[in-house]
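Hi everyone, thanks for coming. Today I'd like to walk you through one structure, a few residues and helices at a time. Please have a look at it first.

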Amino acid sequence: MITDEIRKELFLLQDEKYRDFQKKLIPTVKEETIIGVRTPALRNLAKQFAAKEGIDVFLAELPHPYFDENQLHAFIIAANKDFAHCIYETERFLPFIDNWATCDQL
């Protein structure tokens, strides 16, 4: 399943010092949901997964249990070149944006 593949990649990219830093910046997000993946790595991962078959499954699995999955979700939406589909995905994702950092990413 693509979500399991994404989650595995996120944990491989985990930077615990960065995670601890992020926890201080976004106190409204539960600490245990922050994996700690740096933004450039998330952008690269989004490029890798955006065109993958089955990505719509990941995008539809809302809410995501991890903050970093939400960040990745925002980057995948932004990578979409089809304006109508981008708007559709944005509108579907908006109710699940619960912090300034994810809003900022999108």
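Let's start with Val 29: leaving aside its neighbours within four places in sequence, Val 29 is in contact with Ile 34, Phe 67 and Asn 99, where contact means heavy atoms within 4.5 Å. Before I go on, a word on where this comes from: this is a predicted model, in which local features need pLDDT of at least 70 and side-chain atom pairs count only at pLDDT 80 or more, while totals for chains, interfaces and linings use all residues. Residues are numbered from 1 along each chain as its sequence is written, and side-chain values use heavy atoms, with hydrogens and water left out.

Back to Val 29, which sits in the loop between α2 and α3. Helices here are DSSP runs of H or I with at least four residues, strands are runs of E with at least two, and both are numbered from the N terminus. Is Val 29 buried or exposed? Its relative accessibility is 10%, so Val 29 counts as buried; buried means under 20% relative accessible area, exposed over 50%, and partly exposed in between, with a 1.4 Å probe and protein chains only. Val 29 and Asn 44 are 15 residues apart in sequence, and their C-alpha atoms are 24 Å apart in space.

Now to the helices. Two packed helices are described by the angle between their axes and the distance between the axes. The axes are lines fitted to C-alpha atoms, for helices over the stretch in contact, and angles run from 0 to 180 degrees between N-to-C directions.

Take helix α1, residues 2-12, and helix α5, residues 67-79: they pack at an angle of about 110°, with axes 11 Å apart. That makes α1 and α5 roughly perpendicular to each other (65 to 115 degrees; under 35 is roughly parallel, over 145 roughly antiparallel, and the rest oblique). On the α1 side we find Thr 3, Ile 6, Arg 7 and Leu 10, which meet Asp 68, Glu 69 and Leu 72 in α5.

Which helix comes within 9 Å of α5, axis to axis? That is helix α3, residues 39-50, and its axis crosses that of α5 at roughly 55°. The two helices are therefore oblique to each other. From α3, the contact includes Leu 42, Leu 45 and Ala 46, and from α5 it includes Leu 72, Phe 75 and Ile 76.

Most residues other than glycine have a negative phi, and most peptide bonds are trans. Here, the bond from Leu 62 to Pro 63 is cis, with omega near 0°. You can find Pro 63 in the loop between α4 (55-60) and α5.

Finally, the aromatic rings. The structure holds two aromatic pairs, meaning rings of Phe, Tyr and Trp (its six-membered ring) with centres within 6.5 Å; planes under 30 degrees apart are stacked, over 60 edge-to-face, and the rest tilted. Phe 11 and Tyr 66 are edge-to-face, 5.4 Å centre to centre with 85° between the planes. Phe 11 lies in α1 and Tyr 66 in the loop between α4 and α5, so this pair ties together parts 55 residues apart in sequence. Phe 11 counts as partly exposed at 35% relative accessibility, and Tyr 66 as partly exposed at 22%.
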